[in-house]
Structure formats: C-alpha cells, structure tokens
Amino acid sequence: MKMLSRWWSVLFIFMAWGLSSQTALAAAGFDAIQISPDGKGGETYSVTLQVLMIMTSITFLPSILILMTSFTRIVIVLALLRQAIGTQSSPNTQIIVGLALFLTFFIMSPVIDKIYDNAFVPYNEDKINFIEAVNTAKEPLKDFMLTQTREDDLKLFVEISGNDELESVEDIPMTLLIPAFAISELKTAFQIGFLIFIPFLIIDLIVASVLMSMGMMMLSPLIVSLPFKLMLFVLIDGWAVVIGTLAASFVTA
C-alpha cells in the first residue's frame with residue numbers, strides 16, 4: 001500500500017505537464033482560474049486551476065506509464081515469450097499486462113522513491129511551489145531514460161529536430177528524449193525476444209524433421225512440439241530466467 005501511495009503521489013506531480021493549456025486560460029481572464037505571485041519568486045495557482053490541470057492531464061497518465069517507464073520492454077518480451085512457446089492464449093493478455101505492470105513498479109521503485117522524497121514531500125510541506133516540484137520530479141525520470149536510451153536513437157531525433165546547439169545529453173528536452181527512449185526500448189525488447197525464440201525454434205525444427213522422416217505429414221508439428229517446449233521451459237525454470245534477465249537488462253547509473 002505504501003508503494004502504491006507513492007506512485008499516486010508521483011503521478012499527481014506529472015499531471016502538471018498539462019500546465020501550458022491551463023495557463024493560457026488564466027491569461028484569458030477567467031476569474032475562477034487565477035495565477036498569482038507567491039512572494040518568493042514563484043507562482044501559486046487557485047484550487048480551480050489545480051483541479052482543472054489534474055482533470056486535463058489525467059489523460060496522459062497511460063502514455064506516461066507506457067512510454068516513460070520499463071513497461072514497454074517487459075510487456076513486449078512477455079508477449080513474444082508466449083508466442084515462442086506456442087500457447088496462443090495462456091497466459092492471457094490480462095495476466096501478461098498485470099505482471100508487466102507490477103514488474104514495472106519493482107524496477108522503477110528507486111526512481112519513484114527519489115521523485116517522492118525530492119519533489120512530492122517538499123511540495124506537500126509547502127517548501128517548494130508547484131513548478132519547482134514538477135522540475136525536480138522530472139530529473140530522476142530523465143536520468144533513468146537517458147541511461148536506457150541508445151546514443152544513436154538520441155542523435156536521430158536531435159538531427160530530425162535540428163537542435164544542433166545542444167552541448168550535452170543533459171540539455172536534451174523531454175520532447176526529444178521520450179521518443180528516443182521508446183525506440184530504444186522497442187529495439188531492446190525485440191533483441192531479447194529473438195534470443196528467447198531460438199531454443200523453441202530449434203525444438204520445432206527437430207520435431208518437424210522427425211515427423212517428416214516418419215511420413216506423418218498430416219500431423220501438425222506444433223501439436224507435438226508444444227509439450228516438449230513446455231517441459232523445457234519448466235525444467236530450466238523459465239519464468240525466473242526471463243524475469244531475472246528482464247530486470248538485469250535495465251542499466252542503472
């Protein structure tokens with residue numbers, strides 16, 4: 001429960017990414033939506049504005065979870081594993097997504113703890129304002145994404161955007177980092193999936209060759225090879241191997 005409460009606190013911080021649209025409404029002169037200086041060089045927002053930001057930005061939460069965490073790599077690898085074994089619907093999609101979700105909680109917990117301690121707690125105690133909390137919360141997540149993102153993918157989006165004036169990777173904005181991170185995660189997931197496919201493909205080839213040599217061409221090799229693949233996967237403790245490999249594949253700075 002403590003971990004889930006921290007996740008909700010962090011998600012609340014990232015809801016502020018819808019700030020630009022609400023700020024435009026405030027500038028238009030709506031009385032219920034006001035931004036005023038806090039006397040410390042920052043700004044404070046009316047309750048109505050904060051609620052509006054939350055309700056508007058909540059639509060981005062699935063995208064934040066999928067494209068800015070370890071979720072993408074995990075769910076793709078698990079789906080490819082199911083396809084490699086040959087079980088069409090076991091485990092079903094709900095189990096795969098649920099397992100990927102809680103593995104994401106586990107892998108991202110150090111990042112979430114940093115965001116919670118450095119951004120949400122000071123903001124909740126009125127030590128920093130809303131914008132400072134958002135900027136502080138982005139740093140641990142940005143560091144995680146930079147660590148997982150390939151340099152070639154970063155260069156690709158930097159060249160496409162034409163931002164040649166960037167001096168270091170720390171200067172890369174989130175608008176460039178997020179798609180580069182997503183591409184890197186897809187590439188890594190398919191590389192892991194390829195390695196998972198190889199032993200199961202060998203079993204399929206052996207079974208197909210044996211059936212062909214015995215003249216059993218009418219019998220589907222998939223039906224015969226499935227028990228052997230399941231037995232192999234169980235004997236090597238496949239779930240522990242795959243999950244352990246996935247967790248170890250996330251480089252930590």
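1. Helix H5 is mostly covered, with 13 of its 15 residues buried (buried: under 20% relative accessible area; exposed: over 50%; partly exposed: in between; 1.4 Å probe, protein chains only). Helices are DSSP runs of H or I with at least four residues, numbered from the N terminus. The model is predicted: local features need pLDDT of at least 70 and side-chain atom pairs count only at pLDDT 80 or more, whereas totals for chains, interfaces and linings use all residues. Residues are numbered from 1 along each chain as its sequence is written, and side-chain values use heavy atoms, without hydrogens and water.

2. From its first C-alpha to its last, H5 reaches 21 Å, close to the 21 Å expected at 1.5 Å a residue (1.5 Å times one less than the number of residues). Gly-86 follows H5 and has a positive phi, near 105 degrees.

3. In helix H11 (residues 238-248), the buried residues are Gly-238, Val-242 and Leu-246. Seen down the axis of H11, they fall within an arc of 60 degrees, so they line one face of the helix (the arc is that of the directions from the helix axis to the C-beta atoms). These buried residues pack against H5 (71-85), H9 (174-213) and H10 (221-235), contact being heavy atoms within 4.5 Å.

4. Ile-223 lies in H10 and is exposed, with a relative accessible area of 58%.

Terms used
Helices (H or I, at least four residues) and strands (E, at least two) are DSSP runs, numbered from the N terminus.
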